[in-house]
Amino acid sequence: MSEERRDAFKLSCDWLSIQEVVDTVSSTSCGALSVFIGTTREDEVEGRKVIGLEYEAYESMAQSQFSRLCADIRDHWPSVIHICVHHRLGWVKVGDASVVMAISSPHRRDSQEAIQHCITQLKANIPIWKKEVYDTQEASWRENSE
Amino acid sequence: MSEERRDAFKLSCDWLSIQEVVDTVSSTSCGALSVFIGTTREDEVEGRKVIGLEYEAYESMAQSQFSRLCADIRDHWPSVIHICVHHRLGWVKVGDASVVMAISSPHRRDSQEAIQHCITQLKANIPIWKKEVYDTQEASWRENSE
Amino acid sequence: FVKLCVIVLYFAQSKDLTGLKVEEISPVPTPISSGDLWGLLLQRHPRLSILQDHVVLAWRDLYIPIGEEEVPLRDGDEVAVVPPLSGG
Amino acid sequence: FVKLCVIVLYFAQSKDLTGLKVEEISPVPTPISSGDLWGLLLQRHPRLSILQDHVVLAWRDLYIPIGEEEVPLRDGDEVAVVPPLSGG
């Protein structure tokens, strides 16, 4: 029953496919599959309307920080089978997914706790940045609060 | 900015589309969308291999219990925007999703907590039953432990 | 005592044990407790006794434990036999 | 003192402030602390000072706070300027 465990990470300028991320973590040894999707909210900041986000990453370090994050998840939740994170780069318009992640485990509690940890740690440690772009053609770099 | 909040429930004998469930809860006022997918694990019980599950429901009551569950979720997490649960009925082979649920909210903590509550309460309160079917052609009704 | 007709729905094990998905029972005396109603079903289908202590009834979208409590049935009401749930 | 060449990568605000994605700096003295390395970058690009106290460096897949700690650079190493993260 031993199965190779996948840690899959992709930075992509294309639209993210939820089905592709889910398929990557599917396993007949798993009864539970938790998914988190982060999207750009429609927002107004001081009278300016956010029309989208512009993402960039330090790609090689993002990959290595992701590997570290996966090791950390597997330490805390050894029953986790597969982990997959796809993150958009470049222009992401309001409403589109900027990140899709999925984690599979035999029982639901593990994948649910692990996915919360995964998004929190991604925001804290993976070198990715976003700039909010407004309808006034202005833009400003964001900072994760956590 | 006030938006009609959707509580969508479907019992279906067809393959469940994750994208359809996700689309149902999408909203430009939401930055976070949490999804849970329950699948049939490959399992062996006393030397018999599980090949699939046979689901049935008390459909009218399942719908009313779902409405009650949604009211409960909205009580606990008032910021939740949309809730969607699709559950399979009939024959579900090993590896297929038996339930797909998604909840959207402006910030991630709410949809993540709400989705955990949703699957726990669905298992406890929504009148659905499954029978495990083995490769020996035997079968047995299951009982949720929680 | 008024007597009335009740539609009983059987799910999961109770469906297998009775061989029925639905049946009409009449006459059912009223007022009746959920325990006595379950007793009526046991008389008709003795094999249901293996569900004793693992079953509740459902009536008007409410789960009703089997016991002393009176079920204010009306003529033509639907009552379901609810073995342990296993959705999800 | 050995002097060496370092490749500096600028991201997010630091890219906008310097107008550069990457530049080669040489000669860089070694040993050098992360604080002195940041000082070198400030000399070249005074506008970076608005990131003071809101920035770290990254070197060999590690985040390096700006301070007294020595960074054991080798010739040709890549060092990145890392403003506050905002992924997800």
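Reader: Where in chain D is the place of Asp61(D)?
Author: Keep in mind that this is a predicted model. Phi of Asp61(D) is near 60°, positive even though the residue isn't glycine. As for its place along chain D, that's the loop between β4 (56–59) and β5 (62–64).

Reader: Is Asp61(D) buried, partly exposed or exposed?
Author: The relative accessibility of Asp61(D) comes out at 28%. Buried would need under 20%, and exposed over 50%. So Asp61(D) counts as partly exposed.

Reader: And over in chain C, what is the phi of Asp61(C)?
Author: Asp61(C) sits in the loop between β4 (56–59) and β5 of chain C. At 28% relative accessibility, Asp61(C) counts as partly exposed. It's not a glycine, yet its phi is positive, at about 65°.

Reader: Which residues does Gln65(A) contact, leaving aside neighbours within four places in sequence?
Author: Gln65(A) is part of helix α2 of chain A. With a relative accessible area of 7%, Gln65(A) is under the 20% cut-off, so it's buried. Leaving out neighbours within four places in sequence, its contacts are Asn125(A), Ile126(A), Pro127(A), Asp61(D) and Tyr63(D).

Reader: How are α2(A) and α3(A) oriented, roughly parallel or roughly antiparallel?
Author: Helix α2 (residues 59–76) and helix α3 (residues 108–125) of chain A pack with their axes 10 Å apart, at an angle of about 150°. Angles over 145 degrees count as roughly antiparallel. So α2(A) is, relative to α3(A), roughly antiparallel.

Reader: In chain B, what is the handedness of the crossing of α2(B) and α3(B)?
Author: The axes of α2(B) and α3(B) come within 10 Å and cross at roughly 150°. That makes α2(B) roughly antiparallel to α3(B). Gln65(B), Leu69(B), Asp72(B) and Ile73(B) are the α2(B) residues that meet α3(B). The crossing is right-handed.

Reader: Which members of the largest nonpolar core touch the most other members?
Author: This core has 28 residues. The elements of chain B giving it two or more residues are β1 (7–12), β4 (48–57), α2 (59–76), β5 (83–88), β7 (97–105) and α3 (108–125). The members touching the most others are Ile73(B), Val85(B), Met101(B), Ile103(B) and Ile126(B).

Reader: Setting aside its neighbours within four places in sequence, which residues is Met101(B) in contact with?
Author: Met101(B) is one of the core residues that touch the most other members. With neighbours within four places in sequence set aside, its contacts are Val21(B), Ser34(B), Val35(B), Phe36(B), Cys84(B), Val85(B), Ile115(B), Cys118(B), Ile119(B) and Leu122(B).

Reader: How many residues are in the second, separate core?
Author: Phe36(A), Phe66(A), Val85(A) and Met101(A) are included in that second core. Its residue count is 27.

Reader: Which residues are joined by a cis peptide bond in chain C?
Author: In chain D, the peptide bond from Ser26(D) to Pro27(D) is cis, with omega near 0°, and Pro27(D) lies in strand β2 (residues 22–30). In chain C, Pro31(C) is found in the loop between β2 (22–30) and β3 (32–33). With omega about 0°, the cis bond there joins Thr30(C) and Pro31(C).

How values were computed: Residues numbered from 1 in each chain as written. Chains lettered and ligands numbered in written order. Predicted model: local features only at pLDDT ≥ 70, side-chain atom pairs only at ≥ 80, totals over all residues. Heavy atoms only, no water. Axes fitted to C-alpha atoms, helices over the stretch in contact; angles between N-to-C directions. Helix = DSSP H or I, 4+ residues; strand = E, 2+ residues; numbered from the N terminus. Parallel < 35°, antiparallel > 145°, perpendicular 65-115°, else oblique. Core = buried A, V, L, I, M, F, W, Y, C linked by side-chain atoms within 4.5 Å. Buried < 20%, exposed > 50% of the residue type's maximum accessible area, 1.4 Å probe, protein only. Contact = heavy atoms within 4.5 Å. Left-handed = near helix turned anticlockwise from the far one by under 90°.
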